[in-house]
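The structure is shown here, and the description follows it.

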Amino acid sequence: APVVPRIVERVSLGPRLALTGSPEMAALGEAIHGFLAADSVKAELPRRLDMAERLMARWGVGGALAPADVVAAADRLWAFCAKTWPGARLVREWPVVGGVGLQRVQGRLDLLIETATGLVIVDHKTYPGRPETWDERVAGYAPQLDLYARLCVAATGRPVEGLYVHLPVTGSMLAVTTSAAI
């Protein structure tokens, strides 16, 4: 029987970010996703703040989050990754293409973490909902994560050791289980 997707660990990365107004969440997600894809912790803070502000404006959600909060969300993610998987290689926007059964899959992993023993997949979602709604929401994300994990195993021969949903707005990292095959 298939394993029902569920959250197996909830990690707090920091406080919830303050959203202003009622931004279009898909556009906010694109702005934050773009920042996390291009961010460099080695860049000077003014440059990072400017990039956050420009991305928010470009996606029509300027002012929805303070640029400093976007940078803080990234810093929290990078610190979590460094602490949890020291020495791992972080690959952003890794393309995946392949087939699972009769299904053709094409996409990009938000963050692929290559450890000495396997792979970890992180998917960024800007869902701002309360913790009691996360289980239901994660069940909707799980099929995509499961397909990505299967493709990574097929492409690399390496095990997928973890699947995570990163919720930057709520300051949370959710470890997820999806399938008995992983």
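Rings of Phe, Tyr and Trp (its six-membered ring) count as a pair if their centres lie within 6.5 Å; planes under 30 degrees apart are called stacked, over 60 edge-to-face, and the rest tilted. The model is a predicted one, in which local features need pLDDT of at least 70 and side-chain atom pairs count only at pLDDT 80 or more, while totals for chains, interfaces and linings use all residues. Residues are numbered from 1 along each chain as its sequence is written, and side-chain values use heavy atoms, with hydrogens and water left out.

**Aromatic pairs**

A pair of aromatic rings is described by the distance of the centres and the angle of the planes. Searching the whole structure gives three aromatic pairs.

Helices (H or I, at least four residues) and strands (E, at least two) are DSSP runs, numbered from the N terminus. Phe80, Trp85 and Tyr164 form one aromatic cluster. Phe80 is buried, with a relative accessible area of 11%, and Tyr164 counts as buried at 10%. Trp85 is buried as well.

Another ring carries a charge. The charged end of Lys125 sits over the ring of Tyr141, 4.7 Å from its centre; the criterion is NZ of Lys or CZ of Arg within 6 Å of the ring centre and within 35 degrees of the ring normal.

**Nonpolar cores**

A nonpolar core is a set of buried Ala, Val, Leu, Ile, Met, Phe, Trp, Tyr and Cys residues joined through side-chain atoms within 4.5 Å. The largest such core has 33 residues, and those with the most contacts inside it are Phe35, Met56, Tyr164 and Met173. Two or more residues come from each of helix H1 (25-38), helix H2 (45-58), helix H3 (67-84), strand E3 (103-114), strand E4 (119-124) and strand E6 (172-177). Helix H3 gives the most, with eight residues. A second, separate core has 24 residues, including Ile7, Ile121, Val138 and Cys152. In soluble globular proteins, nonpolar side chains tend to be buried together.

Contact means heavy atoms within 4.5 Å. Leaving out residues up to four places away in sequence, Met56 touches Leu28, Ala31, Val61, Gly62, Ala64, Leu65 and Val70. Met173, in strand E6, counts as buried at 0% relative accessibility. With the same exclusion of residues up to four places away in sequence, Met173 has contacts that include Leu77, Phe80, Val122 and Tyr164.

Two strands pair if DSSP finds at least two bridges between them. E4 and E5 are parallel, with six bridges, and Tyr164 in E5 is the bridge partner of Val122. Together with helix H4 (residues 134-156), E4 and E5 make a right-handed β-α-β unit. Right-handed here means that, with the strands pointing away from the viewer, the path from the first strand over the helix to the second runs clockwise.

Strand E5 (residues 160-167) is mostly covered, with seven of its eight residues buried. E5 and E6 run antiparallel and are joined by five bridges. Leu167 stands opposite Ser172 in E6. The hairpin of E5 and E6 has four residues between the strands, and Gly171 takes a positive phi near 70° there.

Asp123, in E4, is buried with a relative accessible area of 4%. Beyond residues up to four places away in sequence, Asp123 touches Asp110, Gln144, Leu145, Tyr164, Val165 and His166. Ala175 lies in E6 and counts as buried at 6% relative accessibility. The C-alpha atoms of Ala175 and Leu163, twelve residues apart along the chain, are separated by 5.8 Å.

Glu93 is found in strand E2 (residues 89-100). Glu93 has a positive phi of about 55° although it is not a glycine, and is partly exposed, with a relative accessible area of 23%.

Definitions and conventions:
Buried < 20%, exposed > 50% of the residue type's maximum accessible area, 1.4 Å probe, protein only.
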